[in-house]
Amino acid sequence: MTSTKIYVGMAVALATVVAPASNAKTAVRAKVPNIMGVYEIYPDPFAGDANTFKELPVPGGGPKLREPYASQWKAKRAERDAKLKAGTPLVDPSTQCLPEGMPMIMGAIFPLQILQTPGQVTVLAEFLTQTRRIYLNVPMPKPDDNAPSYYGFSTGHWEGDTLVVTTKGVKEDVQFFEIPHSDEMTIKERIRSPKPGYLEDAIEIDDPKMLLAPYRFTFGYKRNDHYRIMEYYCNREDPLLNFNKDGTVTMKTDQKADDKKPDDKK
């Protein structure tokens with residue numbers, strides 16, 4: 001993944017939520033964590049960097065893919081690393097203004113906002129103004145009823161202080177760090193607060209067609225109560241990036257002064 005800068009994080013405070021009841025006699029009070037808020041990834045892998053290309057390491061050391069997918073993936077990553085070192089990083093979905101999908105959206109390149117409403121947890125990503133919906137206490141649709149999409153279908157439920165989420169139906173061309181997956185991919189998440197002001201998302205990806213073993217990693221977040229999520233869209237005229245014909249991208253800030261338009265020099 002290539003990015004200009006990252007902000008992210010998460011945290012949690014407990015609050016009491018009154019569960020709906022059909023009548024007073026059957027009313028049930030349940031306590032679930034309140035994870036609403038704006039979060040930045042933590043620790044910040046871009047701390048100290050500004051407007052520069054930086055390839056993030058593949059979480060968890062990468063997956064254990066079956067052959068020939070393992071060799072193909074390693075070759076892709078090697079090419080990407082070489083291009084980055086040469087100062088001409090390759091285009092990726094984010095630089096093409098495409099939705100990140102699952103599970104990349106949870107990597108929080110820019111801040112995330114989490115909302116809790118009856119029956120649903122919503123994840124709003126500032127980057128590209130993406131929206132991910134987690135429906136609570138509902139069954140997973142049958143494969144024929146679950147049309148492939150960027151974020152798939154997510155169903156979740158609370159187990160004590162942990163939000164347990166299962167996601168299926170992510171489009172096969174939506175790849176996390178270019179890792180291939182099949183239509184049998186299942187993403188399981190356990191989202192909880194390890195301490196006040198922080199949140200973690202322990203992710204397990206299983207795909208018997210592609211993986212020799214489940215792929216596990218964890219994203220950490222820190223809450224930022226002073227940040228407001230802003231609208232963020234991009235297009236081929238991104239103010240920061242040039243998209244080159246050879247499939248690479250460059251920063252516009254790398255342009256020489258002589259390359260700037262006359263009006264830019266004023």
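# Rings, barrel and core

User: How many aromatic pairs does the count come to?

Analyst: The count comes to 10 aromatic pairs. The rule takes rings of Phe, Tyr and Trp (its six-membered ring) with centres within 6.5 Å; planes under 30 degrees apart are called stacked, over 60 edge-to-face, and the rest tilted. This is a predicted model, in which local features need pLDDT of at least 70 and side-chain atom pairs count only at pLDDT 80 or more, while totals for chains, interfaces and linings use all residues. Residues are numbered from 1 along each chain as its sequence is written, and side-chain values use heavy atoms, with hydrogens and water left out.

User: OK, what sort of pair do F127 and Y232 form?

Analyst: A tilted one: F127 and Y232 are 5.5 Å apart centre to centre, with 55 degrees between the planes. This pair links distant parts of the chain, 105 residues apart. F127 is in the loop between β7 (120-125) and β8 (130-136), and Y232 is in the loop between β13 (215-223) and β14 (241-243). Strands here are DSSP runs (E, at least two residues), numbered from the N terminus.

User: Is F127 buried or exposed?

Analyst: F127 counts as buried because its relative accessibility is 7%. Buried means under 20% relative accessible area, exposed over 50%, and partly exposed in between (1.4 Å probe, protein chains only).

User: And what about F176 and F219, what type of pair is that?

Analyst: F176 and F219 are edge-to-face, at 6.5 Å centre to centre and 80 degrees between the planes. F176 lies in the loop between β10 (162-168) and β11 (186-192), while F219 is in strand β13, 43 residues apart. Both F176 and F219 are buried. They also belong to one aromatic cluster with F177, Y215 and F217.

User: What does F176 touch?

Analyst: Leaving out residues up to four places away in sequence, F176 touches P59, P103, M104, Y215, F217 and F219. Contact means heavy atoms within 4.5 Å.

User: Which residues have the most contacts inside the largest nonpolar core?

Analyst: M106, F176, I205, Y215, F219 and Y221, in a core of 41 residues. Strand β13 gives the most to this core, with four residues. Another core, of six residues, lies apart from it and includes I109, F127, L128 and C234. A nonpolar core is a set of buried Ala, Val, Leu, Ile, Met, Phe, Trp, Tyr and Cys residues joined through side-chain atoms within 4.5 Å.

User: Changing topic. Which strands make up the closed barrel?

Analyst: Nine strands in the order β4-β6-β7-β8-β9-β10-β11-β12-β13, with mixed pairing. From one strand to the next the twist averages 30 degrees. Axes are lines fitted to C-alpha atoms, and angles run from 0 to 180 degrees between N-to-C directions. Two strands pair if DSSP finds at least two bridges between them.

User: How many bridges join β9 to β10?

Analyst: Seven bridges join β9 (residues 153-159) to β10, and the two run antiparallel. H157 stands opposite V164 in β10. The two strands form a hairpin with two residues between them, and G160 in the turn has a positive phi of about 65 degrees.

User: What does β10 do on the β11 side?

Analyst: β10 and β11 pair in the antiparallel sense over six bridges. V165 has E189 in β11 as its bridge partner. β10 is mostly covered, with five of its seven residues buried.

User: Last one: where does the charged end of K171 sit?

Analyst: Over the ring of Y150, 4.3 Å from its centre. K195 has its charged end over the ring of Y198, 4.5 Å from the centre. The rule asks for NZ of Lys or CZ of Arg within 6 Å of the ring centre and within 35 degrees of the ring normal.
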